[in-house]
Amino acid sequence: YSQYNQVKNTLATLQRKQTGNLSTKSLASVVDPRTIVQNSEYLETHLVAVPAQQVKEFLKTYETVAPMVVPRSASLVASDDEFTLYAVTGFKKHSAEFVHKCREQKWIPRDFKYVEGGREEERKEVERVGGDERKLWGETLRLGRTAWSEAVMVWMHVLVLRVFVETVLRYGLPLDFVCTLIRAPSTKQADKAKYNLDEKYSYLAGNAFGRDKKGRVKKDDPNEMHAGGEGSGAEYTPYVYYEFEFN
């Protein structure tokens with residue numbers, strides 16, 4: 001299951017890179033390699049995602065936020081509803097300062113290194129991880145069904161053991177009891193079934209249950225008494241009773 005979650009998160013990250021805005025998505029399919037300076041000893045092109053409402057301010061000030069930014073080098077690369085992506089050229093020795101100043105202005109520098117065929121590689125990676133995710137989901141579902149079945153079996157065994165042990169502790173030997181499953185389709189019907197059981201087996205409760213003037217079962221305050229094995233404050237019943245729910 002942990003392996004499936006890991007692959008699922010990886011796939012979600014790759015998909016966000018394909019569908020997000022220009023501040024987060026992959027730039028392999030966005031940037032034309034002709035817009036960036038490559039293999040230069042002194043110059044470097046920075047890609048900056050500028051919020052739409054700050055474009056005018058960016059164009060006025062980008063040349064002066066750091067030393068040795070090439071004047072009028074900002075070129076529009078792409079835009080969407082939230083961001084506009086610009087390519088800005090500057091000298092490498094001041095690159096770190098330029099990136100820092102961009103972040104101070106809430107412009108988002110994007111790391112990008114052109115790789116030939118990068119767009120196709122990203123597409124193949126998404127397809128590969130998507131295939132792995134579907135395969136692992138099938139295996140996880142199969143294991144989950146098996147584990148659920150086994151967990152329910154163990155749960156039922158534990159409940160049966162609890163019923164047996166508490167019956168012996170409450171009523172003693174020799175063993176003389178009947179174990180029954182009652183299925184109630186709704187909470188209202190479950191309450192009705194429990195009321196009828198209380199009526200029928202109230203004589204087993206000794207002094208714990210009384211009757212009012214109309215002959216109806218009258219229980220003592222459940223907070224003042226507790227049944228063996230059910231814990232202090234639990235509702236007392238004249239019979240051994242455990243409730244479990246399946247959705």
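**Entry 1: the model**
I am working with a predicted model, so what I write down here is computed from it.

**Entry 2: a cis peptide bond**
I went through the peptide bonds and stopped at L173 and P174, which are joined by a cis bond with omega at about 0 degrees. I then looked up where P174 sits: in the loop that runs between α4 (118-171) and α5 (187-201).

**Entry 3: positive phi**
Which residue other than glycine has phi near 60 degrees? M68 does, with a positive value. I also noted N39, again not a glycine, whose phi is positive at about 60 degrees.

I placed both on the chain. N39 belongs to the loop between α1 (2-19) and β1 (43-51), while M68 is in the loop between α2 (55-61) and β2 (75-79).

Next I checked accessibility. N39 has a relative accessibility of 84%, and because exposed means over 50%, N39 counts as exposed. M68 comes out at 37% of relative accessible area, so I have M68 down as partly exposed.

**Entry 4: a glycine in α4**
I looked up G138 and found it in helix α4. Its relative accessibility is 37%, so G138 is partly exposed. I also wrote down a pair: G138 and Y4 are separated by 134 residues in sequence, yet their C-alpha atoms are 9.8 Å apart in space.

**Entry 5: the cavity**
How many cavities of 30 Å³ or more does the structure hold? I found 1. The volume of the largest cavity is about 60 Å³.

I went on to the lining. The residues around the largest cavity are H46, P67, M68, V69, V88, T89, G90, F91, H94, S95 and F98.

Which element gives the most to the lining? It is β3, with 4 residues. Both β3 (83-91) and α3 (95-104) supply at least two residues each.

Finally, I sorted the lining by class. It has 6 nonpolar and 5 polar residues, and no charged ones.

Notes
Residues numbered from 1 in each chain as written. Predicted model: local features only at pLDDT ≥ 70, side-chain atom pairs only at ≥ 80, totals over all residues. Heavy atoms only, no water. Buried < 20%, exposed > 50% of the residue type's maximum accessible area, 1.4 Å probe, protein only. 1 Å grid on protein atoms, 1.4 Å probe; cavity = no way out; pocket = protein on both sides within 12 Å on 5 of 7 lines; lining within 4 Å. Points joined across faces, edges and corners; volume = space filled by probe spheres on them. Nonpolar A, V, L, I, M, F, W, Y, C, P; charged D, E, K, R; others polar.
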